[in-house]
Amino acid sequence: MHQLECTCAQCRQRAGAAFEVLEFGQDWPGKGSARAVFGEEEELQLAMELLEVASEEELDQFLGNVFKSVWKGVKKVGSTIAKVAKPLGGALKAVAKTALPFVGGALGSMIPIPGVGTALGSALGRAASSALELEMAAEAPADRELELARRFVRIAGQAARLAADSDGSARAVESALTRALHQQLPHFRSPAPQTEEESGRWRRRGNRIVVMGDWN
């Protein structure tokens, strides 16, 4: 039986069932060094489109434009991309609503995202919001929304690129988005695993916390 603080490979794998396992402050190969997905002009055009989003349908259209641009010419359209588009889009919508005030304000509570995208995107969005607050502190108020929009465009583009190179599983989509956030937001820290009430991945037994799967 393993406790929550156990760092063996088995427990680390279980702990990462809902979130990418990245220790607080940990660096990993590629962090902060991802090559640009979009050119300057295309990134600015997409950012301006995001600033104009006023409904869930328009946000869907914006993400569709991001995906089309990233996946243009990719030969996996009928396989991996078909599997990752919906869950990645759902998670990115939740990130945008949570981390971008101008999107959250425009859409209110009108994003009924099915599946794990809601929980995953909302949790990552809260962590992204904290990172953006630190990174936008020096920005002039007039420039802040545009810079937030451009940063989200980079995150969405990088997540789409990484997801397209994956096996298309839910775990791979989650990993792609988490890594994109780490690469594009230097202050980003992965959210801690949820409690049993939220995900059921651990429970208390006496004075110990038991990782899911060990109480049969």
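Tutor: We will take the terms one after another and set each value against its definition.

Tutor: The model is predicted, and local features need pLDDT of at least 70, side-chain atom pairs count only at pLDDT 80 or more, and totals for chains, interfaces and linings use all residues. Residues are numbered from 1 along each chain as its sequence is written, and side-chain values use heavy atoms, with hydrogens and water left out.

Student: How many helices and strands are there in the protein chain, and how do you know what counts as one?

Tutor: Helices (H or I, at least four residues) and strands (E, at least two) are DSSP runs numbered from the N terminus, and by that rule the protein chain has 9 helices and 2 strands. Read from the N terminus on, their order is α-α-α-α-α-α-α-α-α-β-β.

Student: Why is Val53 called buried?

Tutor: Buried means under 20% relative accessible area, exposed means over 50%, and partly exposed lies in between, using a 1.4 Å probe and protein chains only. Val53 has a relative accessible area of 6%, and therefore Val53 is buried. Val53 sits in the loop between helix 2 and helix 3. In the chain as a whole, which has 216 residues, buried residues make up 44%.

Student: What does Val53 touch, if residues up to four places away in sequence are not counted?

Tutor: Contact means heavy atoms within 4.5 Å, and on that basis Val53 touches Glu58, Leu59, Phe62 and Ala106. The C-alpha atoms of Val53 and Phe102 are separated by 8.7 Å, although these residues are 49 residues apart along the chain.

Student: What makes His187 partly exposed?

Tutor: The relative accessibility of His187 is 40%, so His187 counts as partly exposed by the cut-offs given above. His187 lies in the loop between helix 8 and helix 9 (196–199), and, leaving aside its neighbours within four places in sequence, His187 is in contact with Ala131, Leu134 and Glu135.

Student: What makes a set of residues a nonpolar core, and which members of the largest one touch the most other members?

Tutor: A nonpolar core is a set of buried Ala, Val, Leu, Ile, Met, Phe, Trp, Tyr and Cys residues joined through side-chain atoms within 4.5 Å. The largest such core here has 48 residues, and Leu50, Phe62, Leu88, Leu100, Phe152 and Leu177 touch the most other members. Among the elements that give two or more residues to this core are helix 2 (40–51), helix 3 (56–71), helix 4 (80–99) and helix 7 (141–164), and the largest share, 10 residues, comes from helix 7. Leu100 touches Leu50, Val95, Leu132, Leu148 and Phe152, not counting residues up to four places away in sequence. In soluble globular proteins, nonpolar side chains tend to be buried together.

Student: Why is helix 3 called oblique to helix 7?

Tutor: Axes are lines fitted to C-alpha atoms, for helices over the stretch in contact, and angles run from 0 to 180 degrees between N-to-C directions. Angles under 35 degrees count as roughly parallel, over 145 as roughly antiparallel, 65 to 115 as roughly perpendicular and the rest as oblique. The axes of helix 3 and helix 7 come within 9 Å and cross at roughly 50 degrees, and therefore helix 3 is oblique to helix 7.

Student: What makes helix 4 roughly antiparallel to helix 7?

Tutor: The axes of helix 4 and helix 7 come within 10 Å and cross at roughly 155 degrees, so helix 4 is roughly antiparallel to helix 7. On the helix 4 side the contact includes Thr80, Ile81 and Val84, and on the helix 7 side Ala160, Ala163 and Ala164 are among the residues involved.

Student: Is Ala164 buried or exposed, and how do you know?

Tutor: Ala164, which lies in helix 7, has a relative accessible area of 4%, and therefore Ala164 is buried. The C-alpha atoms of Ala164 and Thr80 are 84 residues apart along the chain and separated by 6.3 Å.
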